[in-house]
Structures are given as structure tokens and as C-alpha cells.
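These are my notebook entries on one protein model. I set down what I looked up, in the order in which I looked.

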Amino acid sequence: MDDLFNVELERAFLGCVLIDQNTWTEAAIRPADFYIQKNMFIATAIDRLLKSGSSADVVTVSHELNKYNQLAEIGGDAYLTSLVTSAPTSLNAITYAEQIKDLRSRRQLVDEASRIAKLAYDTQKQMSTVAAEARQGLDNALNSSKSHSGRSIGEALKEFDETIESRKDKPFSLLGFSTGYQDIDYTLDGLQNGWLYLVAARPGMGKTAMLGNLAINVAKQQKKVLFFSAEMHDQRIVARMIAAETKINSDILKHARMKDEEEWRRYFAAIETFEHLPLRLYKPDECRMVEQIENITRQLYANGEVEIIFVDYLQLLQVDAGVRTSTREQEVTKIAQTLKRITNLNIPVVAAAQLSRAIELRSEGKPQLSDLRESGSLEQEADAVCFLYHPDDDPDKSLEFIVAKNRDGALGECSLHYDKTTQKINSGLKKTIALNP
């Protein structure tokens with residue numbers, strides 16, 4: 001660490017602050033950015049004074065340090081006075097602060113490298129967990145060098161206004177990727193970057209079919225899609241997707257018993273279409289642990305090879321044995337938090353989830369947020385929660401897509417048509433009112 005700190009830089013910056021306390025806020029620096037302990041004591045005293053609304057100068061800082069029995073440790077008032085003389089002007093304060101923060105980030109990278117080395121020697125942990133924790137640690141260390149001072153409402157408004165102006169007098173456009181279903185698009189405003197979406201239902205209600213249809217619809221927009229299935233082999237997923245695309249009964253398709261040339265034509269057309277889709281499939285042994293999903297996604301994201309991921313389904317995922325918790329509820333919470341962390345890559349994450357049996361005990365079987373199985377944290381972590389529900393009037397074909405939680409938008413029900421023989425989900429009766437068409 002000998003080359004990763006600079007005593008004179010720290011002294012000069014603290015001197016600038018004692019001359020002009022406003023430089024502390026402008027520099028967006030923290031006490032932890034200092035390496036020399038006595039300078040850290042002084043920085044902490046300055047930070048406390050300013051946060052309490054007091055001024056920070058040689059006299060007030062001296063008093064604050066004395067209150068915490070630290071004045072003698074830093075060298076007394078003589079050291080504070082020497083700081084002021086070491087910085088005759090505060091004009092270079094921001095430059096000093098940036099260099100101090102740069103050195104601290106480098107020290108953190110060295111510490112993180114040491115931690116990663118220890119991780120590598122921990123053979124009790126799966127390699128996927130080691131990789132995920134290593135990447136997360138590096139991200140944290142690198143992000144610590146970024147300014148966390150926030151920005152003014154004026155700066156935020158400027159960006160917002162520019163976005164509005166860019167959309168003015170233009171045709172309506174979604175904020176996210178189209179789902180391929182008009183009503184769902186209008187309600188959710190598409191699948192947006194940085195959002196975690198849960199598509200929840202009881203078994204047999206069409207969770208896998210819904211995710212498969214959504215994945216194909218997004219991939220057809222030439223968006224790079226990853227589809228993680230913790231339940232089915234990729235061949236079964238492909239079979240379902242082809243059946244939905246061709247609208248050929250899945251039993252007929254898997255036995256190659258197409259009845260006429262038209263069905264064969266649809267089959268070969270689907271093969272040709274799917275061949276060129278930017279869609280990657282992962283089978284259970286590749287993605288059963290949530291750390292594997294995070295690791296794969298981060299690797300491909302670094303290479304620009306992923307824009308959205310689908311996960312089928314959440315309750316089948318596990319956490320690495322080395323980090324397992326005492327209860328399944330805590331484990332599901334960790335899984336949900338990991339999926340939410342993946343959205344920090346600024347991509348949408350769409351995960352299927354299973355509902356509890358409580359729904360079957362009510363006279364009306366329409367799902368509620370309280371039905372999310374095993375963990376209330378699912379609702380908290382998700383930006384949008386959507387349910388699949390078959391109304392009693394036509395349980396074999398009609399399907400309601402219920403948006404029960406939507407952080408920035410509308411709630412409501414979208415009617416769909418679900419053909420279980422082909423796994424195809426189509427838009428039903430459109431009830432959406434267009435937004436000032």
C-alpha cells in the first residue's frame with residue numbers, strides 16, 4: 001500500500017476545507033477516503049459538523065476533536081494550523097479530492113484481489129459462486145470510485161425534459177421491449193431495462209408457455225435473449241416454442257405426424273425463423289443455482305451478448321450450498337435479491353413464480369399478492385407482479401394476464417387466448433383505451 005496514499009494530498013485538501021468549508025460538499029468526499037488515521041479523524045469531525053448545520057473551521061474542528069478525545073492524537077491545534085498553511089488557497093480542492101478518491105479506489109482493488117484469492121482457495125464453494133462473488137466484489141470496488149453525491153433537481157429535470165421533447169409529435173412508443181401483446185404493452189409500457197418482472201401462477205396455468213411466447217416475441221425484435229429453464233431440457237423448450245409458432249398440436253409435432261403439406265410448410269418456416277433468432281437456451285444442470293444464472297449473464301453482458309433474460313421458474317432455483325440459509329423462505333429471498341441484482345446491468349429480468357395453495361381455498365380463485373409462495377420478499381423485490389388466471393367461464397382457452405403490481409404504471413387485466421395443445425398464447429379481446437392516438 002506504500003504507493004497508494006499521499007500524505008501531502010490529504011493535508012492540502014483538509015487545509016482547503018478549513019479555509020472554505022463549501023469545498024467539502026463540492027468534492028463529494030468521505031472520511032473513509034483518507035488513509036492517514038489522524039486525517040481521517042479530522043475528516044470525520046468536519047463531516048459531523050457540517051451535517052449538524054455547524055460551521056467547520058480550525059476552532060470548531062478543534063473543539064469537535066477534543067469532545068471525542070482525539071485532539072491530542074492528531075497532534076493538537078498545531079497540526080490543524082499547519083494544515084491551513086499547507087494550502088494557501090482552496091482553488092485546487094476538487095483536484096486534490098479526486099486524486100485522494102482515486103488512491104482509495106486502488107487500495108480497495110488491492111484488498112478485493114486478496115479476498116478473491118482467498119475465495120479461490122475455498123474448495124467448499126462451487127466455482128459458480130466463487131465467480132459470482134468475485135464479480136460482485138470487483139463491481140463494488142470499482143463503483144466506489146464513482147461520485148455518490150446525487151444531483152440537483154434541475155439536472156434531473158433537464159434530462160427528463162429532453163426525453164419528453166424527443167417523444168413530442170412522434171408516434172407512441174413503448175419505454176421497454178414489446179411483449180407482443182398489445183394490452184400488456186400498454187399496461188406495463190413494455191419490458192423495461194432495470195426491472196424485475198414476476199409472472200406467477202399455480203401449476204399448469206401456463207407459466208412456461210407464457211415465458212416461452214414472450215421470449216420468442218422479444219427475440220423476433222432482434223433483442224439478445226437468454227432463457228434459463230430450471231425445469232426442462234432445452235429440447236422440450238424448443239418443442240414447445242415450435243408448436244406455438246406453427247400452431248401444430250404438440251403431440252402431432254413430436255411424432256412427426258403432420259397431416260398435410262401445409263403443416264410441414266409451417267414447420268420448416270418456423271425452423272428457418274428460429275435458426276436466426278438471438279436466443280440462447282440453458283437447461284437445468286446449467287442454471288439450477290441462481291449464482292450460475294448471475295455468472296452467465298454477467299459474462300455475456302460484458303461481451304454485449306444479452307439484453308434480457310427469462311427464468312423458469314424461481315422456486316426451482318437454489319443457492320450455493322456454501323451460502324445456504326436456515327429456512328427456505330430466507331433462501332427464496334436471497335434468490336429474488338440475486339435476480340434483482342442482475343437488473344443492475346440495466347436489463348429486464350422476467351421470472352416465473354409459483355403461487356401457494358391458499359388460492360385454492362378461496363371461493364374465488366383469482367390470485368392475490370399474498371399468494372406468492374414462500375416469501376413476502378418476492379413482492380418487495382419485484383418491480384411488477386403479474387398473475388395468470390383461467391376464468392371459470394372458459395377454463396380451457398381463456399387466460400387473464402393480471403398486472404397486480406406495477407411500480408410506475410397501471411394495474412389491470414389483459415385478456416389472452418391460450419391453446420394448451422400448441423402452447424400458443426394469443427391476444428384476446430382488446431380492452432385497452434389508446435393513449436391519445
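**Entry 1: the strands around E7**

Which residue stands opposite isoleucine 402 in E7? I looked it up and found phenylalanine 387 in that position. I note at the outset that the model is a predicted one.

E7 covers residues 398-406, and eight of its nine residues are buried, so the strand is largely enclosed by the rest of the structure. I recorded its pairing with strand E6 (residues 384-389): the two run antiparallel and are joined by six bridges.

I next looked up the pairing with strand E8 (residues 412-419). E7 and E8 are also antiparallel, and six bridges connect them. Phenylalanine 401 has cysteine 414 in E8 as its bridge partner. How many residues does the hairpin use to join E7 to E8? I found five.

As background to reading these pairs, I note that side chains in a regular strand alternate between the two faces of the sheet.

**Entry 2: the chain as a whole**

I stepped back to the whole chain. The protein chain has 437 residues, of which 46% are buried. I listed 18 helices and nine strands.

I also looked up how far apart in sequence the contacting residues are. Of the contacts between residues at least 6 apart, 66% join residues at least 24 apart.

**Entry 3: cavities**

I next asked where space is left inside. Rolling a probe the size of a water molecule over the atoms shows where empty space remains. The search of the whole structure gave four cavities of 30 Å³ or more.

The largest cavity holds about 130 Å³ of space. It is lined by 15 residues, and those closest to its centre are Gly212, Asn213, Arg240, Met241 and Ala244. Which elements give two or more residues to this lining? I found helix H11 (207-219) and helix H12 (234-246). H11 supplies the largest share, with six residues. By class, I recorded seven nonpolar, five polar and three charged residues in the lining.

The second largest cavity holds about 50 Å³. I listed its lining as Thr179, Ile184, Leu188, Leu191, Tyr197, Val199, Leu214, Val350, Cys386 and Phe401. Helix H10 (182-188) and strand E1 (196-201) are the elements that give two or more residues to it. How does this lining divide by class? I recorded nine nonpolar residues, one polar and no charged. Phe401 in this list is the residue I had already noted as the bridge partner of cysteine 414.

**Entry 4: backbone exceptions**

I then checked the backbone. Most residues other than glycine have a negative phi, and most peptide bonds are trans.

The peptide bond from aspartate 312 to tyrosine 313 is cis, with omega near -10°. I placed tyrosine 313 in the loop between strand E4 (308-312) and helix H17 (328-342).

Asparagine 69 is not a glycine, yet its phi is positive, at about 60°. I found asparagine 69 in the loop between helix H4 (58-67) and helix H5 (71-74). Is asparagine 69 buried or exposed? Its relative accessibility is 64%, and therefore it counts as exposed.

Lysine 247 also has a positive phi, near 60°, and is a residue other than glycine. I located lysine 247 in the loop between H12 and helix H13 (250-254). Lysine 247 counts as exposed because its relative accessibility, 51%, is over the 50% cut-off.

**Entry 5: asparagine 193**

My last entry concerns asparagine 193, which I placed in the loop between H10 and E1. Asparagine 193 has a relative accessible area of 38% and is partly exposed.

Which residues are in contact with asparagine 193, leaving aside its neighbours within four places in sequence? I listed Phe177, Glu307, Asn346, Ile347 and Pro348. For glutamate 307 I also looked up the separation: its C-alpha atom is 8.4 Å from that of asparagine 193, although the two residues are 114 residues apart along the chain.

Notes
Residues are numbered from 1 along each chain as its sequence is written. This is a predicted model: local features need pLDDT of at least 70, side-chain atom pairs count only at pLDDT 80 or more; totals for chains, interfaces and linings use all residues. Side-chain values use heavy atoms; hydrogens and water are left out. Helices (H or I, at least four residues) and strands (E, at least two) are DSSP runs, numbered from the N terminus. Buried means under 20% relative accessible area, exposed over 50%, partly exposed in between (1.4 Å probe, protein chains only). Contact means heavy atoms within 4.5 Å. Two strands pair if DSSP finds at least two bridges between them. On a 1 Å grid over the protein atoms alone, a cavity is a set of points where a 1.4 Å probe fits but cannot get out, and a pocket is an open set with protein on both sides within 12 Å along at least five of seven lines; lining residues have an atom within 4 Å of a point. Grid points are joined across faces, edges and corners, and a volume is the space filled by probe spheres set on the points. Ala, Val, Leu, Ile, Met, Phe, Trp, Tyr, Cys and Pro count as nonpolar, Asp, Glu, Lys and Arg as charged, and the others, Gly among them, as polar.
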